[in-house]
Amino acid sequence: GGSEEMLNRLIAMDANKNRQILERCKLSLPPEKIRLIKLGLNLARHPATHASPCARNFVMVARGIPEKGWEYAIQAVLQVNQRLNDQQHPPIMMHLYGDHSAYMTELKSRPSSKDPAILFHDYVDDVVDEIAQYDVGILPTYFISESMPYSVIEYLASGLPAVVTDIGECASMLDDGLGQRAGCLVPFDSE
C-alpha cells in the first residue's frame, strides 16, 4: 500500500496550502475527512476596546494543560491581591477560560482556586467577545513548543495589553515596531 492508505484524516490551518500539498503528494481525501482550523480574526467583527486606567479585570485564555501557566497566573494574582489588601486597595479579578480537560477540573478543585478573585468560566467557542470586557490579557506559558499563541493575538486584537512570558514569538507579538510594547514581557525561566 501507498501513502493514501495511511492518510485517513487531515487537520489543516490553510485549506488552499494543504490542498496543494495533497495534490503534490498525489493524495486525496474527501472533504469530510479534512478539518479546517481557522486562524486569524475578523477585526471588523471584534473592534478593539480600551483598557481601564485602573486595570482590575485580568483574563487568561488557553488550552487546559499545565504548561500554559495556569498555576502561575493564579499564584501571581493571589500575591498581588495580598499586597493590594495590605494597602487597602480593591483586588484584581482573574477570569480563566480553558477547556474541559482533566487538568482544568483538578485545578478548579485546589484551595487556591477557591479564592473569590479567581473565576473559572465555562468553555466558549468564540472567546474574543468575552475577552473584550476585560482590562488585561495574561499568558504565563512555559510550553516548550510555544510559537505565536493565539490567545495573545486575541488579546491584542481586542485592544488589551498582554502580560506574557518571553518564549517563542511572544516578544515580537508585543512589539509595535516603533519601540513600544503592547503589554509586559516576563522573562522565561525554564526551571
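Predicted model: local features only at pLDDT ≥ 70, side-chain atom pairs only at ≥ 80, totals over all residues.
Residues are numbered from 1 along each chain as its sequence is written, and side-chain values use heavy atoms, with hydrogens and water left out.

Helices here are DSSP runs of H or I with at least four residues, strands are E runs of at least two, and both are numbered from the N terminus. With 17 residues (70–86) at 1.5 Å a residue, α3 should span 24 Å, and its end C-alpha atoms sit 25 Å apart, which agrees; the expected span is 1.5 Å times one less than the number of residues.

Which residues of α3 are buried? They are W70, A73, I74, V77, N81 and L84, buried being under 20% relative accessible area and exposed over 50% (1.4 Å probe, protein chains only). Down the axis of α3 these fall within an arc of 95 degrees, so they line one face of the helix; the arc is taken from the directions from the axis to the C-beta atoms. The face turned away from that side carries exposed Y72, R83 and D86.

| Element | Residues |
|---|---|
| β3 | 57–61 |
| β4 | 93–97 |
| α4 | 102–109 |
| β5 | 118–121 |
| β6 | 136–139 |

Terms used. Contact = heavy atoms within 4.5 Å.
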